[in-house]
Amino acid sequence: MFGLFKSTPFRDPQLGELVRSRGLWRGALKLASGESVPLALAGDRAQPDAQALALARDVSSQLAVWRPIIESALFEHYAPYAEAFTTGQIESPDEVVPKILAASEVWLHSTLIYVAVTPIDGKLATELGYTTSWDEEHTLGARFQAGEFVELCGSVLPP
């Protein structure tokens, strides 16, 4: 009976098959590195939003442009953790903060776990979700709107 309300999978020539689940179109985004990450897109019950599809198709090529912006934001997020560890505010042996001396080193301690193209404050945004070794409690969201960096949100829920 519930199959009557299920959306038909959507096939995109670049992104592959997308299936609607929990209010979003879901699939995988293949990166230039060859790895794939979960992808979530806005859209209605019939199909993904055309603009969300276009933005998702551009993520792989935009990553090269966004990489220095994201690494700078991640390094800025890392700084208070390093300071707290150095000054003894973090004392637990379970909470070891890596020593990162330059922004480019954040990639050794960060993992991209999803890409989402969904509305934020009424405008489509591309959010890249990262986990980091220095902040294991939070997923960090690097958000872009119209190709411009908006913020690194310190606590996001993967879609």
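User: What should I know before I start?

Analyst: This is a predicted model, where local features need pLDDT of at least 70, side-chain atom pairs count only at pLDDT 80 or more, and totals for chains, interfaces and linings use all residues. Residues are numbered from 1 along each chain as its sequence is written, and side-chain values use heavy atoms, with hydrogens and water left out.

User: How many helices and strands does the protein have?

Analyst: Start with the terms. Helices (H or I, at least four residues) and strands (E, at least two) are DSSP runs, numbered from the N terminus. Here there are 1 helix and 8 strands. Along the sequence they follow the pattern β-β-β-β-α-β-β-β-β. The C-alpha atoms fill a box of roughly 60 × 35 × 30 Å, taken along the principal axes.

User: In which order do the strands form the sheet?

Analyst: The general idea comes first. Strands of a sheet pair through backbone hydrogen bonds, either parallel or antiparallel. Two strands count as paired if DSSP finds at least two bridges between them. In this protein, 8 strands form an open sheet in the order 1-2-3-4-5-6-7-8, with mixed pairing. Strand 1 (10–12) and strand 8 stand at the edges with a single partner strand each, so one side of each has no neighbour in the sheet. Neighbouring strands are turned by 25 degrees against each other on average, direction ignored. Such angles use axes, which are lines fitted to C-alpha atoms, for helices over the stretch in contact; they run from 0 to 180 degrees between N-to-C directions.

User: Which strands pair with strand 7?

Analyst: Strand 6 (residues 123–132) runs antiparallel to strand 7, joined by 5 bridges. Strand 8 (residues 148–156) also pairs with strand 7 in the antiparallel sense, over 6 bridges. Look at Ala 142. Leu 128 stands opposite Ala 142 on one hand, and Leu 152 in strand 8 stands opposite Ala 142 on the other. Arg 143 stands opposite Glu 151 in strand 8.

User: How many residues lie between the strands of each hairpin?

Analyst: Strands 6 and 7 form a hairpin with 6 residues between them. The hairpin of strands 7 and 8 has 2 residues between them, and Ala 146 in that turn has a positive phi of about 55 degrees.

User: Is strand 7 mostly covered or mostly exposed?

Analyst: Buried means under 20% relative accessible area, exposed over 50%, and partly exposed in between (1.4 Å probe, protein chains only). Strand 7 (residues 139–145) is mostly covered, with 6 of its 7 residues buried. Thr 139 in strand 7 counts as buried because its relative accessibility is 12%. Ser 36 belongs to strand 4 (residues 36–41). Ser 36 counts as partly exposed because its relative accessibility is 47%. Across the protein's 159 residues, 39% count as buried.

User: What do the side chains around Glu 127 do?

Analyst: Learn the cut-off first. A polar contact is a pair of N or O atoms within 3.5 Å; within protein, one must be able to donate a hydrogen and the other to accept it, and residues adjacent in sequence count only if both atoms are side-chain atoms. Glu 127 sits in strand 6. Glu 127 is buried, with a relative accessible area of 8%. Its side chain makes a polar contact of 2.5 Å with the side chain of Tyr 114. Another, also 2.5 Å, joins the side chains of Glu 127 and Arg 143.

User: Where is the kink in helix 1?

Analyst: The bend at a residue is the angle between axes fitted to the seven residues ending there and the seven starting there. Helix 1 (residues 50–86) has a kink of about 60 degrees, centred on Gln 62. At the start of helix 1, a side-chain oxygen of Asp 49 reaches to within 3.0 Å of the backbone nitrogen of Gln 51. Just after helix 1, Gly 88 takes a positive phi of about 85 degrees. Helix 1 runs at about 50 degrees to strand 6.

Key
Contact means heavy atoms within 4.5 Å.
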